[in-house]
Amino acid sequence: MTLPERFRYAAVAERRDLLRAAAAAGGHPLGDAEWAATGQPAEALELADLMVESAVGALAVPVGIAAGFLIDGREIAVPMATEEPSVIAAATHAARLVRGGGGFTTGGGLPLATVQIFVDGAAGAASRVTAAEPRIREWVDAAVPALVARGGGYRGLRVRALPAGGMLKVEVDLDCRDAMGANKVNTAGEALRPLLERIGGGEVLMSIVTNASRHHLCTARFSCPEGRLARAGRGGAEMAERVVRANAVAAEDPDRAITHNKGIMNGIAAVALATGNDTRAVEAAAHLHAGRSGSYGPLSTYRREDGRLAGELAVPIPLGSAGGAVSVHPGARFGLQVLGNPGARALARIACAVGLAQNLAALTALVGEGIQRGHLRLHARRLAFQAGARGAEVERVAARIAAGRVDEAAAAAALADLRRPGR
Ligand code: MEV
């Protein structure tokens, strides 16, 4: 599709018209329903235009609530934004299992973000730069006065040569309070360039936040009586043993570990999205952590102790509850309000508990009856909708086909039968 030069500079409504015309001219016209769904309401379009360049619409992602979480003794209803069926149902199920064993306990998650500044030709200047720490601190704090006024700002410096490229790596930590911090540390990093060039004697190649997010490392734990895990004709002890074995498989096989961790991220990313956070930053940090030993492994661990199954998840979760999209998007504020407006650290810990719940739900389903049975029930509802069912028809058609063949033809036949006159 070829768009006219002025597309970028047009107002959002005109941009949509240009897009529609170009799509039609290219022989792939946009459908009426698709056109309408992405352009409403007007506020969403206006917000999209404010948030990204060349905006042409807004995509409504479903938001649901995983209820029943007990985290650090508090009852929490967790908003989750996801397009994947069964994620929220799975989290809710695991939350219920774990609350019977006392719920989740969480820890960690410092609100520190780190900027990396790479100074070319300054590999030999590590000690000079380290000795200039007081001036670096001054420059950093001067670059982010509003943050300093809120109690944040400079917190530390690390300097290391990268000898292969003759580069000096300077890392500066900032306390970003309740912001995720990428913008703040990028501002500080760029402000430091002239100072570092003067001290180091080289030229700054680049400066940017590191998504390693090491300070954001959070933990969540639970310990659940094995009896609660009985399922699919298997006793609780057997199920617990199978979960432990499934975790061991992930520890031995990276191709399984990535799927295991993807399930964990189903929960964490859904909380991140529901609160307007950067889901890619969260994913990047998690997968680096999963490979920290040199071989990629599972983020969670499980063990059996005294008739209980104990699970633990440790993962960096860089989230913010202020600043960025969080402060402009009412949907993000909605998510935070549902959570009782937590600070960034508390939010990350909640997400960590949800990630562990998601993992427990996936593993117990996988080593129990398999995941397809649960998925199919939700899939049946989608098929019913696609076949034309609306309102109460959706449930009724889904219920009919869920017991047998779950496909488009079955949904269409069930709907036709439901609507048959005189039934
Ligand atoms: C699906 O989105 C997530 C799972 O594949 C996770 C897992 O296999 O552990 C079910």
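**Chat about a predicted model**

Me: Which residue in E10 stands opposite Ala220?

Reply: Ala220 stands opposite Leu313 in E10. This is a predicted model, so local features need pLDDT of at least 70 and side-chain atom pairs count only at pLDDT 80 or more, while totals for chains, interfaces and linings use all residues. Residues are numbered from 1 along each chain as its sequence is written, and side-chain values use heavy atoms, with hydrogens and water left out.

Me: How many bridges pair E8 with E10?

Reply: There are 9, in the antiparallel sense, between strand E8 (residues 217–225) and strand E10 (residues 308–316). Two strands pair if DSSP finds at least two bridges between them. Helices (H or I, at least four residues) and strands (E, at least two) are DSSP runs, numbered from the N terminus.

Me: And how many for E9 with E10?

Reply: Strand E9 (residues 300–305) is antiparallel to E10 over 6 bridges, with Thr301 opposite Glu312. E9 and E10 make a hairpin with 2 residues between them, and Asp306 in that turn has a positive phi of about 50°.

Me: Which way do E1 and E2 run?

Reply: Antiparallel: 7 bridges join E1 (residues 63–71) to E2 (residues 74–81). Ile65 sits opposite Pro79 in E2. E1 and E2 also form a hairpin with 2 residues between them, where Asp72 in the turn has a positive phi of about 50°.

Me: New topic, the ligand. What surrounds it?

Reply: Glu84, Arg256, Thr259, His260, Lys262, Gly263, Asn266, Ala362 and Leu366.

Me: Which polar side-chain atom lies 2.6 Å from a ligand oxygen?

Reply: One from Glu84. A side-chain N or O atom of Lys262 is 2.8 Å from an oxygen atom of the ligand, and a polar side-chain atom of Asn266 is 2.9 Å from one. The protein covers 85% of the 300 Å² of accessible area that the ligand has on its own. Accessible areas come from the Shrake-Rupley method with a 1.4 Å probe, and for residues only the protein chains shown count as cover.

Me: How many residues are in the largest nonpolar core?

Reply: It has 58 residues, and those with the most contacts inside it are Phe69, Val78, Met80, Phe104, Phe222, Ile268 and Ile317. Helix H14 (residues 344–367) gives the most to this core, with 13 residues. A second, separate core of 31 residues includes Leu157, Leu174, Ala179 and Leu192. A nonpolar core here is a set of buried Ala, Val, Leu, Ile, Met, Phe, Trp, Tyr and Cys residues joined through side-chain atoms within 4.5 Å.

Me: What is Ile317 in contact with?

Reply: Leaving aside neighbours within four places in sequence, Ile317 is in contact with His216, Cys218, Ile268, Val282, Ala348, Ala351 and Cys352. Contact means heavy atoms within 4.5 Å.

Me: Thr114, buried or exposed?

Reply: Thr114 counts as buried because its relative accessibility is 9%. Buried means under 20% relative accessible area, exposed over 50%, partly exposed in between (1.4 Å probe, protein chains only). Thr114 is in strand E4 (residues 112–120), and its side chain makes a polar contact with the side chain of Asp173 at 2.6 Å. A polar contact is a pair of N or O atoms within 3.5 Å; within protein, one must be able to donate a hydrogen and the other to accept it, and residues adjacent in sequence count only if both atoms are side-chain atoms.

Me: What is phi for Ser86?

Reply: Near 80°, a positive value in a residue other than glycine. Ser86 is in the loop between E2 and helix H4 (87–99) and counts as buried at 16% relative accessibility. Asn341 has a positive phi too, near 50°, in the loop between helix H13 (330–338) and H14. Asn341 is exposed, with a relative accessible area of 54%.

Me: Last one: how many helices and strands in the chain?

Reply: The protein chain has 17 helices and 10 strands. Of its 423 residues, 45% are buried.

Terms used:
A residue is near a molecule or strand if one of its heavy atoms lies within 4 Å of it.
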